[in-house]
Amino acid sequence: MTDNRIRSIAIVGGGTAGWMTASALAKVLGRDYAKITLVESDAIGTVGVGEATIPQINIFNRMLGISENDFVRRTKGSFKLGIQFVDWGRKGHTYFHPFGKYGVDMEGVSFHAYWQRLYQDGLAPWIDEYSIQAKAAEFGKFMRPIDAGNSPLSQISYAFHFDAGLYALFLREYAEAAGVTRREGKITRVLQHGESGFIEAVELEDGGRIEADLFIDCSGFHGLLIEGALKSGYVDWSKYLPANRAMAVPCSGVEDITPYTRSTARDAGWQWRIPLQHRIGNGYVYCSDFISDEAVRETLLANLDGEPLAEPRIIKFTTGHRKRHWVKNCVAIGLASGFMEPLESTSIWMIQSGIARLLSNFPDRSFNPVDIDRYNRVITTETEEIRDFLVLHYKATERTDTPFWDYCRNMEVPDRLAEKIAVFENSGRCFRENEELFNDTSWFAVMTGQLMKPRTFDPVAQLLSLEETQSRLHQIQTAVTNSAEYMPKHRDFIRENCAA
Ligand SMILES: Cc1cc2nc3c(=O)[nH]c(=O)nc-3n(C[C@H](O)[C@H](O)[C@H](O)COP(=O)(O)OP(=O)(O)OC[C@H]3O[C@@H](n4cnc5c(N)ncnc54)[C@H](O)[C@@H]3O)c2cc1C
């Protein structure tokens with residue numbers, strides 16, 4: 001048996017995707033398996049946004065073995081318990097999409113089914129009262145979960161906000177210490193084998209040349225290898241997710257750092273607010289068919305908590321993904337592989353997923369098409385599932401005040417989402433299909449939050465008597481409120497544990 005294993009890996013790009021990939025491969029493969037080189041160009045720079053995450057990032061951090069406090073301190077980060085959605089279902093209405101579950105499931109039936117039964121008869125308050133994340137967010141509180149039996153304090157689920165530039169630097173240090181070689185320079189040419197089309201090397205402006213067995217394209221929207229050289233093709237999802245631009249601007253921060261991302265629906269899109277220790281990240285995601293850049297700029301600047309710290313800048317994109325994320329000996333990860341707008345902070349998770357799936361289908365130099373096809377199928381499915389969840393936010397709205405919202409309310413949606421909507425509208429049921437990223441609680445949070453109203457409630461929610469249901473929900477609500485009150489203020493938690 002000959003040793004056919006991959007001996008050299010070239011990662012093209014040093015944004016979040018490039019450095020996450022470099023860190024993970026260096027950690028998992030070790031120093032001796034393959035030589036890992038990362039090429040990046042300071043002159044081109046990175047996209048410079050991407051600062052809110054979901055709890056799965058904790059798995060990535062644990063895999064690298066990095067200290068969480070160190071990570072938050074170095075990236076001037078903060079903690080995130082979920083997303084507050086303002087004006088989405090209707091102007092003037094706000095809801096919270098929390099990480100973690102509502103209440104506790106009872107007799108094998110989901111908590112939210114019982115809640116639905118009471119809420120429809122006006123016998124229970126709004127669902128947020130049963131979420132430790134939502135309640136702590138309301139109070140501006142944060143702590144990590146503790147081992148406290150059935151208490152909601154055992155169930156705190158969280159993610160982070162961080163400075164994207166500092167995150168890349170943090171990971172760069174990690175990766176270089178683990179043996180990754182960084183090469184500065186602009187790639188001007190991609191060399192492919194005459195017959196197979198496999199990538200053999202990339203050439204740099206300064207005359208340098210990097211050869212490798214495996215190439216990972218983390219070059220951002222450019223898709224320098226996957227599209228520029230290998231012509232993968234692109235699946236355009238603009239008809240479902242019409243936003244095609246974002247205008248981003250940081251502003252000075254406020255003392256009370258809120259432990260959540262805020263998303264406020266605007267005339268032709270929505271505005272994000274991501275609080276960090278040293279500033280607040282803001283941006284307006286919009287569709288240029290429905291609004292001018294000037295109008296976006298005006299709205300954005302009129303809705304900041306503090307002084308703008310830079311000129312607003314526009315980032316253009318087309319929602320969708322590469323037809324094939326892995327072609328021949330090149331795997332695209334990050335923006336090079338596709339992009340859906342940041343409404344639920346899923347892009348960094350997609351990077352993580354790409355890395356994990358690359359590792360579990362890791363090739364040798366024969367690049368067996370079976371592994372490649374499987375990788376492409378799994379990543380495409382995962383992307384489609386996230387797309388459906390994002391589309392729901394736009395589709396399920398009562399807003400009729402602008403042409404943008406009229407378009408969204410009336411647009412056709414993918415079949416799978418149409419089915420989910422029909423099932424919910426009938427009985428308030430939600431399901432997580434297979435291994436999709438968003439679970440039934442998330443689907444429930446957004447469907448309910450966007451003011452969708454089921455015709456009736458899940459019949460199995462009658463397993464408990466009405467009195468028993470009311471009594472148990474009341475106990476849970478009290479436990480959630482008491483627990484949230486017990487937690488320290490978010491800013492105090494940061495000051496004591498991970499101040500920059
Ligand atoms: C408006 C907006 C908001 C977002 N918000 C979030 C969010 O809140 N949460 C989230 O999870 N994700 C978010 N994302 C996505 C997130 O920003 C990206 O997934 C993440 O930053 C990864 O980007 P990247 O590394 O793929 O690309 P980039 O950051 O663009 O990096 C590309 C790299 O390739 C290099 N490169 C390119 N061409 C060449 C060349 N010819 N030669 C040498 N080097 C080259 C560049 O120098 C750079 O180092 C957002 C994206 C956008 C557009």
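A polar contact is a pair of N or O atoms within 3.5 Å; within protein, one must be able to donate a hydrogen and the other to accept it, and residues adjacent in sequence count only if both atoms are side-chain atoms. The structure is a predicted model, in which local features need pLDDT of at least 70 and side-chain atom pairs count only at pLDDT 80 or more, while totals for chains, interfaces and linings use all residues. Residues are numbered from 1 along each chain as its sequence is written, and side-chain values use heavy atoms, with hydrogens and water left out.

Let us start with the ligand. An oxygen atom of the ligand lies 3.5 Å from a backbone N or O atom of Glu-51. A polar backbone atom of Ala-52 is 2.7 Å from a ligand nitrogen atom, and a backbone N or O atom of Ile-348 lies 2.8 Å from a ligand oxygen atom. The protein buries 97% of the 1000 Å² that the ligand exposes when taken alone (accessible areas by the Shrake-Rupley method with a 1.4 Å probe).

Next comes the shell around the ligand. Helices H1 (16-33) and H9 (347-360) are the elements that give two or more residues to this shell, and H9 gives the most, with three. Helices here are DSSP runs of H or I with at least four residues, strands are E runs of at least two, and both are numbered from the N terminus.

Finally, the whole chain can be viewed. The chain has 15 helices and 21 strands. Its C-alpha atoms fill a box of roughly 75 × 55 × 50 Å, taken along the principal axes.
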